[in-house]
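Hi,

Here is the structure I promised to pass along. Have a look at it first, and then read on for my notes.

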Amino acid sequence: MPNLRQLAIDFRRVVSTPRRQLQLRRLSAKGKAPISVLFYHRVADEQPNDWTIPCDLFQEQMEWIRERFDVIDMQEVQRRIRQQDSRRPAVHITFDDGYAENCRFALPYLIRNEMPCTYFVSYGNCVTGDPFPHDVAAGCPLPVNSLDELKALAGTSVEIGYHTRTHCDCGNLITADDFRDEITDGAAEMRAALDMPLRYFAFPYGLPDNIPIAGIQAAYEAGFQGFCSAYGAYNLPGQDAFHIRRIHGDAEMSRFKNWLSFDARKLHQRPEIRYWLPPANNWEQTLELVG
């Protein structure tokens, strides 16, 4: 049963729909339609927690998206941003951590419906099978993906990404050796173990304080084509395409629809992550100080 806050969000979205649609048409005509990148953690009906949504809700969200958006992969997200060629609102789907239950419903659903997804996993947990510390602390250790499960996704619409070795808060790392172990060396080991490329990196927790400049530099030096934050923002053509901003796949449909229906107020709620990287790879020019 919707509460008053959810009803208020729905009411505001419905009332503002004509204005939002007009804004989107104008942006789309200029090739600047916003691109939303969603992130999830765990889709399951058992042992619910704050980072789990049930299977029927996930399917409802995916069907709502398919009817209204271009569903694109991460490379297309970056192309539209760089070339300022986004003629229709688009969505890309990502997951963080690597929960085994995702192989039961969520990933098969995405594969069956040919919906591209980037699946970020913490390498060390997949090797050892150890549950994530935040689940242990919550008294609910949950199974994690194995390397064999990840290998089985090769050739599907699911692309494997990297999420550090130990799901650490990179904002707490201090030395160059720390960053090398968690990002650069861990990624190299995971690439070798899976025998597949890892093109994208997502910072655990994903807020500005969790994304230090040294971590961005390590991701770049490790050969990643982009990194993901998780503080909630649209990706707009003409911005820096190395930094992919993500929105939480909210368990409340009212907030979920409000985000994806383009709430222009949220353009003013964008924390900045400022960094500089030298020219190195032919897929990207010099990145200046950017937000």
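His167 is buried, with a relative accessible area of 8%, well within the cut-off for that label, which is under 20%. Bear in mind that this is a predicted model. The residue sits in the loop between strand 7 (158-162) and helix 9 (176-194). His167 is not a glycine, yet its phi is positive, at about 55 degrees.

Glu114 also has a positive phi without being a glycine, near 55 degrees. Is Glu114 buried or exposed? With a relative accessible area of 66%, Glu114 is exposed, since anything over 50% gets that label. You'll find Glu114 in the loop between helix 5 (106-112) and strand 6 (117-121).

Now for the helices. As a reminder, a packed pair is described by the angle between the two axes and the distance between them.

Let's start with helix 3, residues 55-68. Helix 3 has 14 residues and spans 20 Å from its first C-alpha to its last, close to the 20 Å expected at 1.5 Å a residue. Its buried residues are Cys55, Leu57, Phe58, Gln61, Met62, Trp64 and Ile65.

Which way does helix 3 run relative to helix 11? The axis of helix 3 comes within 12 Å of that of helix 11 (residues 253-260), and the two cross at roughly 25 degrees. Angles under 35 degrees count as roughly parallel, so that is how helix 3 and helix 11 lie to each other. The crossing is right-handed. On the helix 3 side, the contact is made by Leu57, Glu60, Gln61, Trp64 and Ile65, and on the helix 11 side by Met253, Phe256, Lys257 and Leu260. Sorted by class, that gives six nonpolar, one polar and two charged residues. Leu57, Gln61, Trp64 and Ile65 are in this contact and also on the list of buried residues in helix 3.

Helix 11 meets helix 1 as well. The axes of helix 1 and helix 11 come within 9 Å and cross at roughly 25 degrees, so helix 1 is roughly parallel to helix 11. Here, though, the crossing is left-handed. Helix 1 brings Arg5, Gln6, Ile9, Asp10, Arg12 and Arg13 to the contact, while helix 11 brings Ser254, Arg255, Lys257 and Asn258. By class, the contact of helix 1 with helix 11 holds one nonpolar, three polar and six charged residues. Lys257 turns up in the contact with helix 1 and in the one with helix 3.

Helix 1 has a further partner in helix 2 (residues 17-29): their axes come within 4 Å and cross at roughly 55 degrees. That angle makes helix 1 oblique to helix 2. Arg12, Arg13, Val14 and Val15 of helix 1 meet Thr17, Pro18, Arg19 and Arg20 of helix 2. The tally for this contact is three nonpolar, one polar and four charged residues. Arg12 and Arg13 are in this contact and also in the one with helix 11.

Val15 counts as exposed because its relative accessibility is 54%, and the label applies over 50%. From Val15 to Asp85 is 70 residues along the chain, and their C-alpha atoms are separated by 29 Å.

Cheers

Conventions
Residues are numbered from 1 along each chain as its sequence is written. This is a predicted model: local features need pLDDT of at least 70, side-chain atom pairs count only at pLDDT 80 or more; totals for chains, interfaces and linings use all residues. Side-chain values use heavy atoms; hydrogens and water are left out. Axes are lines fitted to C-alpha atoms, for helices over the stretch in contact, and angles run from 0 to 180 degrees between N-to-C directions. Angles under 35 degrees count as roughly parallel, over 145 as roughly antiparallel, 65 to 115 as roughly perpendicular and the rest as oblique. A crossing is left-handed if the near helix is turned anticlockwise from the far one by less than a right angle, and right-handed if clockwise. Contact means heavy atoms within 4.5 Å. Ala, Val, Leu, Ile, Met, Phe, Trp, Tyr, Cys and Pro count as nonpolar, Asp, Glu, Lys and Arg as charged, and the others, Gly among them, as polar. Buried means under 20% relative accessible area, exposed over 50%, partly exposed in between (1.4 Å probe, protein chains only). The expected span of a helix is 1.5 Å times one less than its number of residues.
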